[in-house]
Amino acid sequence: MTVDGGVEGFIPQKEIVYNGMLPYCDRLDREAAELLAEIKANLSRAVLLRELWPGVAFWSRKLFSFLKFYGRRFSKEDHILFINLLYELVTLPNLEPHMMCSYARLLIQLLKKKELLSRDDLQLPWRPLYELYERLIYSKTEHLGLVWFPNSVDHILKALIKSCRLYFPASSTKEMLDEWRPLLCVFDVVMQKAISNMELFLPTIMPPQEHSQGFQLWFDELMNLWMSVQNQPSWEGHLVNLFARLANDNIGYVDWTPYIPTIFTRILRSLNLPVGVSQMVAPRYLINSYDIGYLVLWITALLGGPGNPAQKELTCLFNSIASFFHPSNHGRWQSRLMRLLQRLPASVVRRVHRERYAGSSWITPVPECQKLTDADLQEFTRSLTGAALLAMFSKTGSTDAAYALQNLALLTPQLVIPPVLEKTYAAMETLTEPHTLTATLSCMIGMARSLVSPDNRYPEGRAHVLPLLMGSLPGVDPNDFSKCMITFQFITTFTTLVPLVDCSSAPFRQTDLTEIEKDLCFASAGFEDFVLQFLDRCFALIDSSTLEQTRDETETDTQTHLESLVELGLSSTVSTILTQCSTEIYEVALQKLYNFATSSIFETCVSGRMVADMCRAAAKCHPAESLRLFVPHCCSIISLITDNVELQNEDELDKELLWNLQLLSEVIRVDGEQLLKYQGELERILRVCVHLRCKQAYTLACSLLEHTLRSLSLIYPTEYRSTSGGFDSDLPIRDWGRAGDVAALGVCWHVPCQEEENFVFQLLSSLLHPQLQRIKGHVSGAQPMTREELWQSLAIVQHCLLGAGSMLPPLDGAHVPDLVPSMVNLGEIKLHVGVEYDDSWENYRVSICQTMRLLLHHILEHSEDDTKSLFVIIKVPDPLFLPQSL
């Protein structure tokens with residue numbers, strides 16, 4: 001086995017590509033190699049010593065964590081050895097079901113990427129797995145209560161078999177048939193067991209030269225059985241699932257043509273649609289509904305080929321059931337129809353990706369003559385478009401239809417997008433049918449990428465972007481929550497794909513533009529107007545969302561669920577729009593937002609949170625410009641009010657102070673490097689405001705403290721635009737809908753510098769350290785505090801820990817003796833988290849731990865009814881003991 005991932009010639013199976021974008025990625029390779037070597041050494045030692053618990057269980061969990069953090073960053077040899085080892089562990093006789101499930105989950109993860117290992121690389125025997133399945137699923141003692149199985153054992157074991165059957169030997173099919181053929185009797189209930197075992201175990205992915213040892217041994221027999229049985233037996237669904245899997249894994253190698261009419265007839269019957277004037281439906285005990293997931297897999301695999309016979313049957317099927325998608329029709333059969341409509345286009349998209357875009361693999365590809373052509377896809381889209389357009393306005397909602405139209409638009413946008421656009425424009429002009437607007441916008445959200453994509457299949461789609469955005473603005477309506485939220489989602493989706501840059505001067509500078517590109521450039525001059533009108537709509541929404549207008553006097557000053565959703569939608573939409581804006585448009589929007597936020601005093605519960613979130617979104621895009629406006633303004637007002645010593649001991653303070661504290665606490669949630677320019681002002685504000693007597697004021701000040709510390713101490717991206725390099729380097733209209741290149745994303749990271757670290761510990765020494773000493777004085781009796789004062793001190797301690805916890809070294813001390821003796825090492829492995837801890841500073845994590853322990857004993861002994869303090873103490877250990885290892 002390869003010990004060091006850095007040796008020459010080492011080729012990892014499959015790494016997590018995003019790890020290479022981290023700012024400390026240069027340390028991850030050696031760290032992963034050392035961790036893998038530790039896992040292999042200890043796991044193999046535990047197996048050799050036959051210590052299944054805790055040794056093997058502990059290090060198998062470490063391997064599972066390794067897969068999560070580093071992917072399959074080991075050699076093919078290691079991959080095969082891990083799988084063989086776990087397979088042996090899973091199939092150990094008399095293994096506890098709980099441990100079997102744990103090993104099975106890990107084995108499923110190792111087998112998940114089937115393209116990494118071919119059948120020549122790995123083969124697994126089927127019989128040990130079958131015997132395990134028989135012993136657990138058909139246990140004769142479980143129903144008597146003599147043995148206990150986890151509830152998930154059935155699901156996990158079936159998932160394991162599905163992952164392993166790809167690597168069963170070629171001879172396994174004959175052995176399975178010899179085992180289960182004697183059970184094939186249509187007059188016996190044991191038929192159910194035989195067919196279900198065949199569905200679960202029979203391998204269907206084999207190279208063409210092995211087909212004679214595979215499905216050709218049983219296909220004719222089972223197909224004739226299915227064709228001859230008409231009484232809908234209980235095992236028929238398992239047989240259909242097996243056929244669907246066979247068809248999907250062997251497109252072009254099984255001749256389904258003689259059976260296609262029967263297949264679609266059975267599919268129509270399985271939908272259990274009402275027939276006749278009286279809408280007679282078969283009784284439930286006669287109904288045998290096929291699994292929709294396998295049905296769409298089967299239908300998808302049948303499409304294509306010379307003549308495309310399955311497409312004709314599919315068109316007839318949807319023509320016959322089209323009326324059942326009408327909004328006026330509703331019944332218990334509708335959910336199955338909607339799932340069929342939703343999943344079928346998605347399955348075809350997956351097949352097109354498999355045939356045209358997927359990388360090379362050892363799995364047999366689809367023959368050229370059976371691949372779906374553009375004409376096949378157009379015919380497929382036409383057969384489903386009518387039903388999808390009717391289902392848009394279904395009583396169960398438009399989600400299923402939107403998902404179907406999204407995938408159809410990926411296949412043939414020129415056929416799907418125009419009719420939906422027509423309905424959308426009509427809905428935008430109608431005020432009396434808001435549900436129509438909600439449904440059409442939902443569908444347009446799914447098709448947004450296809451609409452703005454710069455390919456040649458529907459080039460005129462991009463011309464509709466600005467009219468759609470302008471037409472959606474009336475949807476920001478405070479009187480209709482659902483319409484408001486879908487409008488936010490609509491605007492966010494389109495602005496994520498489209499840079500809001502004025503390119504109207506480009507046609508005069510560049511001569512290589514097409515006519516469509518010239519029209520788009522001239523139309524882009526309206527983006528600034530759109531952004532400003534959107535902000536006006538948001539301001540109107542906020543003005544109607546004040547606490548006094550939305551709440552009775554008897555209600556509490558907390559946000560309702562709907563208000564919190566509107567706040568989230570508003571802030572995310574504003575953030576997306578301003579992120580995608582050009583510098584010129586952003587500056588105009590920022591000034592408008594600043595004037596609105598500073599010209600009024602908002603209450604801090606509903607409208608104040610919305611305005612503060614909008615300002616935070618603006619500051620996040622361009623911190624330097626935003627902080628230059630907001631920080632001096634807020635700090636000057638706060639300082640002016642708090643200079644009055646008498647106000648510092650008031651229980652109720654001026655709303656202007658509260659509003660500016662809230663606004664300041666949100667706008668400073670930006671790149672920490674920009675905050676260093678305002679270090680003195682922020683520290684002065686924090687020193688005063690966290691000690692104010694007013695609970696609402698010091699709570700907002702604690703939020704300001706936490707957000708300041710987090711901005712200075714955390715590692716996070718600082719650039720969120722849809723294209724790397726900004727919008728000034730190239731013609732922005734050519735970036736509409738362009739996919740990102742993972743290899744060249746150009747992620748910009750904020751990594752705390754020494755000045756930021758000094759500022760963090762300066763704040764901790766001036767704010768956190770005195771509170772810890774004050775709490776110790778309260779415990780010792782030297783400096784007793786009232787409960788209100790204790791709550792204030794605990795709030796400061798908690799927010800300091802939440803803000804600066806990532807810079808504080810983890811707790812260290814004597815190792816707790818292992819409660820369970822083990823012959824292998826069970827020590828935790830510390831991983832690098834991007835922070836270099838400075839031992840020269842005081843370890844406040846230890847100080848907080850010691851102080852909270854003293855305070856807890858003091859409260860339990862002297863004031864056990866102080867539940868508020870106890871609740872805060874309960875919350876402290878979560879960030880205090882944050883694990884720093886796997």
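How many aromatic pairs does the structure hold? The structure holds 31 of them, where rings of Phe, Tyr and Trp (its six-membered ring) pair if their centres lie within 6.5 Å, with planes under 30 degrees apart counted as stacked, over 60 as edge-to-face and the rest as tilted. Welcome to a predicted model, in which local features need pLDDT of at least 70, side-chain atom pairs count only at pLDDT 80 or more, and totals for chains, interfaces and linings use all residues. Residues are numbered from 1 along each chain as its sequence is written, and side-chain values use heavy atoms, leaving out hydrogens and water.

**Aromatic rings**
- Phenylalanine 318 and phenylalanine 325 have ring centres 6.3 Å apart and planes at 10 degrees, so this pair is stacked.
- Both phenylalanine 318 and phenylalanine 325 are buried (under 20% relative accessible area, with exposed over 50% and partly exposed in between; 1.4 Å probe, protein chains only).
- One aromatic cluster is formed by Trp126, Tyr130, Tyr133, Tyr138, Trp180 and Phe201.

**Charges over rings**
- Arginine 266 lies over the face of tryptophan 226, 4.5 Å from the ring centre (NZ of Lys or CZ of Arg within 6 Å of the ring centre and within 35 degrees of the ring normal).
- Lysine 620 lies over the face of tyrosine 720, at 4.3 Å from the ring centre.

**Backbone details**
- Most residues other than glycine have a negative phi, and most peptide bonds are trans.
- From tryptophan 53 to proline 54, the peptide bond is cis, with omega near 5 degrees.
- Arginine 50 has a positive phi of about 60 degrees and is exposed, with a relative accessible area of 76%.
- Asparagine 94 has a positive phi near 60 degrees, and is exposed at 72% relative accessible area.
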